[in-house]
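The structure is shown first.

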Amino acid sequence: MSNDPAAMLAIFLSIDPKVIARDLQEAKGQLRRVVDTISSLRAVHYKSRTPEIEAKISHFMMIQAHELANMPHVESEFKTFYASFGAGEVVQNAEEAAFNKGKLGEEIKAWVEEHPEIKSKIAERIRNVPEANRERAFINAAKTEAMNQTVRPAGNSVRP
C-alpha cells in the first residue's frame, strides 16, 4: 500500500487511456520487459516511493496481468492470481483513502447498525483490542463480516 493512497489513486486513475493502450501494445510478447520494469520500480525502498512510483507499479502490474491473460499456455489460476494481485493493490489504496476520509468507516458502521447480530459478534471479536486501535479493528472486522454475508449461500452455510 502507498504512503499516500489518495495521491496514488489520483495518479493511477488519471493515466491517459492512450498511454495504457500504448503500454499494452508494447507489452505484447515482451512480458520479461514488463516484469523487469516492475522489479526496477519495486527496487525503490518502500519508504522512499512516491505516489507516482506506486501508481506506475500498479499500472505495470495490470499490464502484466493483461499480457498473461492472453497467453494460452498459462493456467487460468495464474491468470486470475496476477489480475487479482494487481487490482488488489489498487483496491487496498482505495480502501485506505476512503477510510482516511472517514467515508468507508461511516458506510460500514451504518451497515453494522442495520445488523445487530453482527454488531455483537464484532464487539466480541475486538473486545481485547487496545482502545487506540479499536475503531480500525471494528472497521476491519465489519468489512470481513460484510464480505462473508455477501459470499455465503443463503441457508446453506458451512460455517457453524
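At what angle do α4 and α5 pack, and how far apart are their axes? The angle is about 160° and the axes are 9 Å apart. The model is predicted, so local features need pLDDT of at least 70 and side-chain atom pairs count only at pLDDT 80 or more, while totals for chains, interfaces and linings use all residues. Residues are numbered from 1 along each chain as its sequence is written, and side-chain values use heavy atoms, with hydrogens and water left out.

- Two packed helices are described by the angle between their axes and the distance between the axes.
- Helices here are DSSP runs (H or I, at least four residues), numbered from the N terminus; axes are lines fitted to C-alpha atoms over the stretch in contact, with angles from 0 to 180 degrees between N-to-C directions.
- At about 160°, α4 and α5 are roughly antiparallel to each other (angles over 145 degrees count as roughly antiparallel, under 35 as roughly parallel, 65 to 115 as roughly perpendicular and the rest as oblique).
- The crossing of α4 and α5 is left-handed (the near helix is turned anticlockwise from the far one by less than a right angle; clockwise is right-handed).
- On the α4 side, the contact (heavy atoms within 4.5 Å) is made by Ile57, Ser58, Met61, Met62, Gln64, Ala65, Leu68 and Ala69.
- On the α5 side, the contact is made by Lys79, Tyr82, Ala83, Phe85, Gly86, Ala87, Glu89 and Val90.
- By class, this contact has 11 nonpolar, three polar and two charged residues (Ala, Val, Leu, Ile, Met, Phe, Trp, Tyr, Cys and Pro count as nonpolar, Asp, Glu, Lys and Arg as charged, and the others, Gly among them, as polar).

**Helix packing: α3 with α4**

- The axes of α3 and α4 are 9 Å apart, and the packing angle is about 155°.
- This pair is therefore roughly antiparallel, and its crossing is left-handed.
- From α3 (31-42), the residues in the contact are Leu31, Val34, Val35, Thr37, Ile38, Leu41 and Arg42.
- From α4 (51-69), they are Ile53, Lys56, Ile57, Phe60, Met61, Ile63, Gln64, Glu67 and Leu68.
- The contact of α3 with α4 divides into 11 nonpolar, two polar and three charged residues.

**Helix packing: α2 with α4**

- The axes of α2 and α4 cross at roughly 50° and come within 10 Å, which makes α2 oblique to α4.
- The crossing of α2 and α4 is right-handed.
- Ile20, Asp23, Leu24 and Ala27 of α2 meet His59, Phe60, Ile63, His66 and Glu67 of α4.
- Five nonpolar, two polar and two charged residues make up the contact of α2 with α4.

**Aromatic pairs**

- The whole structure holds two aromatic pairs (Phe, Tyr or Trp rings, the last by its six-membered ring, with centres within 6.5 Å; planes under 30 degrees apart are stacked, over 60 edge-to-face and the rest tilted).
- Phe81 and Tyr82 form an edge-to-face pair, 5.2 Å centre to centre with 80° between the planes.
- The rings of Phe81 and Phe85 have centres 5.7 Å apart and planes at 20°, so this pair is stacked.
- Phe81 and Phe85 are separated by about one helical turn because they are four residues apart in helix α5 (residues 76-101).
- Together, ring pairs link Phe81, Tyr82 and Phe85 into a cluster.
- Relative accessibility is 43% for Phe81, 29% for Tyr82 and 39% for Phe85.
- Phe81 counts as partly exposed, as do Tyr82 and Phe85 (buried is under 20% relative accessible area, exposed over 50% and partly exposed in between, with a 1.4 Å probe and protein chains only).

**Single residues**

- Asp23 lies in helix α2 (residues 17-27) and is buried at 7% relative accessibility.
- Apart from neighbours within four places in sequence, Asp23 is in contact with His59, Phe60 and Ile63.
- Thr37 belongs to helix α3 and is partly exposed, with a relative accessible area of 25%.
- Between Thr37 and Asn70, 33 residues apart in sequence, the C-alpha to C-alpha distance is 19 Å.
- Lys47 sits in the loop between α3 and α4 and is exposed, with a relative accessible area of 69%.
- Lys47 and Asn3 are 44 residues apart along the chain, and their C-alpha atoms are separated by 7.3 Å.

Notes
Helices (H or I, at least four residues) and strands (E, at least two) are DSSP runs, numbered from the N terminus.
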